[in-house]
2 protein chains.
Amino acid sequence: MTRDVLAAHRAFYDAIETGDLDLMASLWVDDPGVTCVHPAAPPLHGTETVLRSWAVLMAQIEYIQFFLTDIEITTFPVGADQPSSALVVCTENILSDGETSESFTGGAAICSSLLVRDGRRWRFWSRHASPVAIPDPGEEGS
Amino acid sequence: MTRDVLAAHRAFYDAIETGDLDLMASLWVDDPGVTCVHPAAPPLHGTETVLRSWAVLMAQIEYIQFFLTDIEITTFPVGADQPSSALVVCTENILSDGETSESFTGGAAICSSLLVRDGRRWRFWSRHASPVAIPDPGEEGS
């Protein structure tokens, strides 16, 4: 079950990295209640609005790659065999060409994603991303 | 059901405003998997660690008041009579004495909170807060 959640979560980043808006659209629940919080921005509500924001971001990105670390997954109800939702919290370490939207400046972000289950399929209901200050490893030795 | 979620969500802000750490502790699930993301900070995991961070923040706050706007609630499974979890996304408009932690600078934050149900009781499983740029209304007329 956790593997299916992780697969959907990874596909989300594959969609951004490859600029695949169809893949991105397939990963979100189609509902006016879905929510996406881009870094430093107010929440977007509704699948159409959320997907439009990703289309704009993807159009601005020449090259981007995500290295995910500290991935924590919880399924709800906690301990249930057939969970209905899953929370994924992770750190996005971002490598880009520097021409991306201001949303991706800073090099790292913390992201909380809530996915819901439909059979074996997991899709995004909400995502909240925010920049985080990551210490420069080079500064430790100086 | 939504009323019970809202009551727990509001109690969380009451706890901060009144510096009531016992109330704050009563509002979180006691589990190593709980998560709290303070603005610009990496995620904290585990109830003990999360509550310690609130104790530190409360100790730094002389006066603070939250005005919540744009509150959106979804319960999961969507449409179920007996949901197991609830997502609350809102804007925190913050009034403080200016001596608070850097976590509260900026005057407004977007917050996504995930609560889980135990009977009629709802408690926090995760919270992700991040600063947001709110336009100054005074600038519109100038």
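Predicted model: local features only at pLDDT ≥ 70, side-chain atom pairs only at ≥ 80, totals over all residues.
## The fold of chain A

Chain A contains four helices and six strands, and when these elements are read along the sequence they follow the pattern α-α-β-β-α-β-β-β-β-α. Of the 142 residues in chain A, 49% are buried. Among the contacts of chain A that link residues at least 6 apart in sequence, 55% join residues that are at least 24 apart.

The six strands of chain A make an open sheet in the order β2-β1-β6-β5-β4-β3, and the pairing within this sheet is mixed. Strands β2 (44–45) and β3 of chain A stand at the edges with a single partner strand each, so one side of each has no neighbour in the sheet. Further in, β1(A) and β6(A) pair in the parallel sense over three bridges, and within this part of the sheet A:Val37 has A:His128 in β6(A) as its bridge partner.

## Where the two chains meet

The contact between the chains draws on 30 residues from chain A and 30 residues from chain B. The area buried between chain A and chain B is about 2100 Å², and carbon and sulfur atoms give 71% of that area. Three residues, A:Phe76, A:Trp125 and A:His128, supply 22% of the area that chain A buries against chain B, which is more than any other three residues supply. One of these three, A:His128, is also the bridge partner of A:Val37 described above.

Between chain A and chain B there are zero salt bridges, while six residue pairs are in polar contact, with both residues of each pair at pLDDT 80 or more. On the side of chain A that touches chain B, the elements giving two or more residues are β1 (35–37), β3 (64–76), β4 (85–96), β5 (108–118) and β6 (121–131) of chain A. Of these elements, β6(A) gives the most, with six residues. Sorted by class, this side of chain A has 19 nonpolar, 10 polar and one charged residues.

## The sheet of chain B

In chain B, six strands form an open sheet in the order β2-β1-β6-β5-β4-β3, with mixed pairing. The edges are taken by β2 (44–45) and β3 (64–76) of chain B, each of which has a single partner strand, so one side of each is left without a neighbour in the sheet.

Strand β6 of chain B, which spans residues 121–131, is mostly covered, since nine of its 11 residues are buried. On one hand, β6(B) pairs in the parallel sense with strand β1 (residues 35–37) of chain B over three bridges; here B:Cys36 has B:Arg127 as its bridge partner in β6(B), and B:Val37 is partnered by B:His128. On the other hand, β6(B) pairs in the antiparallel sense with strand β5 (residues 108–118) of chain B over 10 bridges, and in this pairing B:Arg117 stands opposite B:Trp122. The strands β5(B) and β6(B) form a hairpin with two residues between them, and B:Gly119, which lies in the turn, has a positive phi of about 70°.

## Two residues of chain B

B:Asp4 is found in helix α1 of chain B, which covers residues 2–18. With a relative accessibility of 18%, B:Asp4 counts as buried, because this value falls under the 20% cut-off. When residues up to four places away in sequence are not counted, B:Asp4 touches B:Arg120 and B:Trp122.

B:Gly33 is found in the loop between α2 (21–26) and β1 of chain B. Its relative accessible area is 23%, so B:Gly33 is partly exposed, a class that lies between the 20% and 50% cut-offs. Leaving aside residues up to four places away in sequence, B:Gly33 touches A:Thr74 and B:Trp125, so that its contacts include a residue from each of the chains. B:Gly33 and B:Leu57 are 24 residues apart along the chain, and their C-alpha atoms are separated by 21 Å.

Notes:
Residues numbered from 1 in each chain as written. Chains lettered and ligands numbered in written order. Heavy atoms only, no water. Contact = heavy atoms within 4.5 Å. Buried area = accessible area lost by both parts, 1.4 Å probe. Salt bridge = Lys/Arg side-chain N within 4 Å of Asp/Glu carboxyl O. Polar contact = N/O pair within 3.5 Å; in protein donor to acceptor, adjacent residues only side chain to side chain. Nonpolar A, V, L, I, M, F, W, Y, C, P; charged D, E, K, R; others polar. Buried < 20%, exposed > 50% of the residue type's maximum accessible area, 1.4 Å probe, protein only. Pairing = 2+ DSSP bridges.
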